[in-house]
Amino acid sequence: MDEETPTTDGGADQLSNPADTHGLDPVVRRADEVDYESTDAAPGLRKGVLVGEDEGARNLAIRRFTLDAGASVPKHTNEIEHEQYVLEGEYVVGIDDEEYEVSAGDSLFIPAGVVHWYRNEGTEQGAFICAVPVGDDSIELLDEE
């Protein structure tokens with residue numbers, strides 16, 4: 001591929017212009033260095049940023065979420081895509097008009113603007129890694145119908 005040919009990130013014709021990270025120092029974060037915060041929109045959902053802008057990441061952020069047994073996240077959309085990898089537990093992920101039971105080892109791609117939600121009907125905590133582009137994200141909660 002020559003220098004004039006744009007590259008894609010694997011999405012549908014989305015051009016990528018990654019920030020240059022040459023010359024940055026590598027970062028290793030220990031598990032006990034990550035702070036987890038509860039989210040206002042969903043009691044029982046906690047988020048920890050494993051690697052993000054504060055650690056020097058310029059293109060992607062990696063976040064870890066935990067979803068308590070019995071907890072749910074309401075229908076919402078995001079302005080950025082999500083790539084997720086389920087670490088533990090079993091829970092339901094709704095995407096558009098479909099519901100999927102997911103468990104450890106499953107992966108998901110949720111495009112920007114797609115309605116999605118989570119529901120943990122089990123007795124065990126669920127947890128997943130979520131990789132997203134660095135930058136602002138607008139989350140819109142949707143009214144339940």
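Student: How many bridges join β6 to strand β9, and which way do they run?
Tutor: In this predicted model, β6 and β9 (residues 116-119) are joined by four bridges and run antiparallel.

Student: Which residue in β9 is the bridge partner of Val92?
Tutor: That would be Arg119.

Student: What about β6 and strand β7, how many bridges there?
Tutor: Six bridges, again in the antiparallel sense, with β7 covering residues 98-103. Gly94 faces Glu99 of β7 across that pairing.

Student: And what sits between β6 and β7?
Tutor: Two residues, as the strands form a hairpin. Asp96 is in the turn and has a positive phi of about 55°.

Student: Why is β6 described as largely enclosed by the rest of the structure?
Tutor: Because five of its six residues (the strand spans 90-95) are buried, and buried here means under 20% relative accessible area.

Student: Switching topic: what is the strand order in the open sheet of six strands?
Tutor: The order is β1-β2-β3-β10-β5-β8, with antiparallel pairing. At the edges are β1 (36-38) and β8 (107-110), each pairing on one side only. From one strand to the next, the twist averages 25°.

Student: How many bridges do β1 and β2 have, then?
Tutor: Three, in the antiparallel sense, with β2 made up of residues 45-51. Tyr36 stands opposite Gly48 of β2.

Student: Last one, Thr77: buried or exposed?
Tutor: Thr77 is buried, at a relative accessible area of 10%. Its place is in strand β4, residues 72-78.

Student: Which residues does Thr77 touch?
Tutor: Leaving out residues up to four places away in sequence, Thr77 touches Gly113, Val114, Val115 and His116, plus Ser138, Ile139, Glu140 and Leu142.

Methods: Residues are numbered from 1 along each chain as its sequence is written. This is a predicted model: local features need pLDDT of at least 70, side-chain atom pairs count only at pLDDT 80 or more; totals for chains, interfaces and linings use all residues. Side-chain values use heavy atoms; hydrogens and water are left out. Buried means under 20% relative accessible area, exposed over 50%, partly exposed in between (1.4 Å probe, protein chains only). Contact means heavy atoms within 4.5 Å. Two strands pair if DSSP finds at least two bridges between them. Axes are lines fitted to C-alpha atoms, for helices over the stretch in contact, and angles run from 0 to 180 degrees between N-to-C directions.
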